[in-house]
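Please look at the sequence and structure first.

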Amino acid sequence: MNKEPIGILVVGGAGRMGSRVVEIASREDGFTVQGIVDRRRLARDIGVPYFEDLEEALRSCGDAVVVDVSGPEEAGARIEAVAQAGRPLVEGTTGLDAEDELTEAARRVPVVVAPNFSPGIALLRRALREILGARGPGWDAAVLDRHNRFKKDRPSGTALLLQREIERPRDAATAERARKEREAAGGRLVEVASFRQGGQVGEHTVYLTALEEELVLQHRAFDRGAFARGALLAAGFAAGAQAGMYDMDDVLGLRGGA
Ligand code: NAD
């Protein structure tokens, strides 16, 4: 029996990331692009309904999962509108200041928050969790993110995600050690730096450095397709999930373990 394709509505669908989601979803059997919401039109007509207004799009696009890869402006109102319409939300926009709206939305609909959709970054976080659990004292941590010159937020949402992962206390003893290290470092525990260069799609490097040795973990995206395919996995997950807050670990089944 054929399953119904999952309808998606892509907010920011005319942008670098959104247009890649639209392009890949249009080719995939399991998905159908019900609409694009953007302030500006795509340069050419690709036969997908275009909306300037999100609420109009939500009324027109039946049961679509909303994939948001637009920008931080008016994000709170956007998230509320999606929850009000009872639609699952995949929130991939970075640099957001909308924690309250996301938490509130997750009471009513499934919300996947993913500053980075790529499966490789989810695996890097998992490897980090394992390494950090076994790390002894005396290792300094730093994160470097490199992105294209057009990227607006810095550090990247992924760099902040990795920073939080490294700073997250593993147990009471490490929590106390982290508190002391943070105090000694003047509030900063993990150094984060960002370069904005040319057409760089996205690179994240975690440095764990002791006095006499160093461990370097790096993820490089070659193509936005890595994020777009992850966004579709997240949309598929959200379409079948209960109301609640999720991330890529849930989507990829990486929750728990290390
Ligand atoms: P972009 O500037 O190329 O595209 C953004 C698009 O959104 C533009 O077409 C713009 O007109 C539209 N837009 C912005 N604000 C809007 C609003 N309030 N209402 C309607 N349309 C709006 O940028 P991009 O490189 O495609 O990145 C977009 C966002 O996606 C950024 O926050 C970026 O960090 C994020 N991103 C996330 C991932 C991920 O894996 N989660 C990957 C790449 C990019």
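## Ligand and strands

Of the 24 residues around the ligand, those that come nearest are Met17, Asp38, Thr94, Ala114 and Phe117; a residue is counted here if one of its heavy atoms lies within 4 Å of the molecule. The model is predicted, so local features need pLDDT of at least 70 and side-chain atom pairs count only at pLDDT 80 or more, while totals for chains, interfaces and linings use all residues. Residues are numbered from 1 along each chain as its sequence is written, and side-chain values use heavy atoms, with hydrogens and water left out.

| Residue | Residue atom | Ligand atom | Distance |
|---|---|---|---|
| Met17 | backbone N or O | oxygen | 2.8 Å |
| Arg39 | polar backbone atom | nitrogen | 3.4 Å |
| Thr94 | polar side-chain atom | oxygen | 2.5 Å |

On its own, the ligand has 860 Å² of accessible area, and the protein covers 86% of this (Shrake-Rupley method, 1.4 Å probe). The shell around the ligand holds seven nonpolar, eight polar and nine charged residues. In this scheme Ala, Val, Leu, Ile, Met, Phe, Trp, Tyr, Cys and Pro count as nonpolar, Asp, Glu, Lys and Arg as charged, and the others, Gly among them, as polar.

An open sheet of seven strands runs in the order β3-β2-β1-β4-β5-β6-β11, with parallel pairing. Strands are DSSP runs of E with at least two residues, and helices are runs of H or I with at least four, numbered from the N terminus; two strands pair if DSSP finds at least two bridges between them. β3 (50–51) and β11 (244–246) stand at the edges with a single partner strand each, so one side of each has no neighbour in the sheet. Within this sheet, β1 (residues 6–11) and β4 (residues 65–68) run parallel and are joined by four bridges. Ile8 has Val65 in β4 as its bridge partner.

Strand β7 (residues 140–147) runs antiparallel to β9 (residues 203–209), with seven bridges between them. β7 also pairs with β8 (residues 190–196), in the parallel sense and over seven bridges. Arg146 stands opposite Glu203 in β9, and its bridge partner in β8 is Phe195.

Two loops remain to be described. Most residues other than glycine have a negative phi, and most peptide bonds are trans. Glu74 is not a glycine, yet has a positive phi of about 60 degrees; Glu74 is found in the loop between β4 and α3 (75–84). The peptide bond that joins Arg154 and Pro155 is cis, with omega about -5 degrees. Pro155 has its place in the loop between β7 and α6 (157–167).

Notes:
Polar contact = N/O pair within 3.5 Å; in protein donor to acceptor, adjacent residues only side chain to side chain.
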